[in-house]
Amino acid sequence: MAVPLASWWWPKRPARIPRVWVAGLLTCVGAALFGVSALLLKAGAVGWDESLFRVLNDVPAALASVLTPLSHLFLPAGIVIVIVLAAGYVVVRNRSVMPVAAGAAAAAAGWALANLAKVIADRPRPYEVVSGAVLRQQPALGTSFPSSHTAVTVAVVIALVPFLPRALAGVAIAYAVLVGWSRVYLGVHYPLDILGGAGIGIVVGGAILLALGVLFHRSGRAAKDQDAVAQPRGTPSR
């Protein structure tokens with residue numbers, strides 16, 4: 001006997017899918033954030049960017065002894081582990097693969113858009129051009145703007161938030177913020193790169209929420225249509 005699609009696709013717990021206008025507004029905010037970041041970079045208005053980079057990157061040795069081990073949680077391996085654990089949790093909690101599909105689509109789109117922007121912007125990494133910049137990891141591949149790690153993490157977090165308890169949703173958002181901080185602290189990105197990456201992540205996450213909203217809306221309407229068809233003519237509705 002074939003297993004019904006709804007038995008493994010649709011979440012068994014209510015998902016907090018935002019209204020269409022909220023998801024659309026989120027997408028617009030992300031696009032504006034990325035657009036402003038790109039325009040600032042294009043215009044060369046980045047003096048503040050380098051100054052803020054120095055503040056976040058060049059910290060006292062005593063503070064660095066604490067922050068450096070913490071920052072390892074936000075390296076690529078740590079990000080992958082956290083995302084896999086989060087995906088496994090939402091599958092078990094919701095008894096559904098929809099959250100994994102949403103997260104995977106968000107990760108792929110965030111990575112692709114960020115790397116496309118990297119090719120266009122072609123900004124050198126800060127440790128390559130900033131005197132005294134501290135590099136606390138292996139030299140990174142590719143160019144600096146925008147941060148693909150930030151873009152992917154923000155996109156996945158937004159895509160998974162509807163399927164997480166509120167407390168864990170807050171933890172996930174905080175983790176995404178710390179990923180952005182770590183890229184500057186480790187010396188591989190400027191703050192403006194983080195803003196650009198966050199903008200891409202918000203755009204992708206908002207688009208995923210829009211798609212989820214459409215899926216849930218159509219499934220609800222389809223269920224009503226099926227009930228209407230199944231009900232014999234002349235039978236009063238209850």
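Which residue lies over the face of Tyr185, and at what distance from the ring centre? Arg136 does, at 4.1 Å. The views below start from the rings and come back to this residue. This is a predicted model, where local features need pLDDT of at least 70, side-chain atom pairs count only at pLDDT 80 or more, and totals for chains, interfaces and linings use all residues. Residues are numbered from 1 along each chain as its sequence is written, and side-chain values use heavy atoms, leaving out hydrogens and water.

**View 1. Phe53 and Tyr190 form a tilted pair.** Rings of Phe, Tyr and Trp (its six-membered ring) pair if their centres lie within 6.5 Å; planes under 30 degrees apart count as stacked, over 60 as edge-to-face and the rest as tilted. By this rule there are five aromatic pairs. Here the centres are 5.6 Å apart and the planes stand at 55°, so the pair is tilted. Phe53 belongs to helix α2 (residues 47-57) and Tyr190 to the loop between α8 (166-185) and α9 (191-230), so the pair ties together parts 137 residues apart in sequence. Helices are DSSP runs (H or I, at least four residues), numbered from the N terminus. Phe53 and Tyr190 are both buried, meaning under 20% relative accessible area (1.4 Å probe, protein chains only).

**View 2. Trp181 and Tyr185 form a stacked pair.** Their ring centres are 5.2 Å apart with planes at 20°, so the pair is stacked. Both residues lie in helix α8, four residues apart, about one turn of the helix.

**View 3. Arginines lie over Tyr190 and Tyr185.** A charge sits over a ring if NZ of Lys or CZ of Arg is within 6 Å of the ring centre and within 35 degrees of the ring normal. Arg123 lies over the face of Tyr190, 3.8 Å from the ring centre. Over Tyr185, a buried residue with a relative accessible area of 0%, lies Arg136.

Note on methods: Helix = DSSP H or I, 4+ residues; strand = E, 2+ residues; numbered from the N terminus. Buried < 20%, exposed > 50% of the residue type's maximum accessible area, 1.4 Å probe, protein only.
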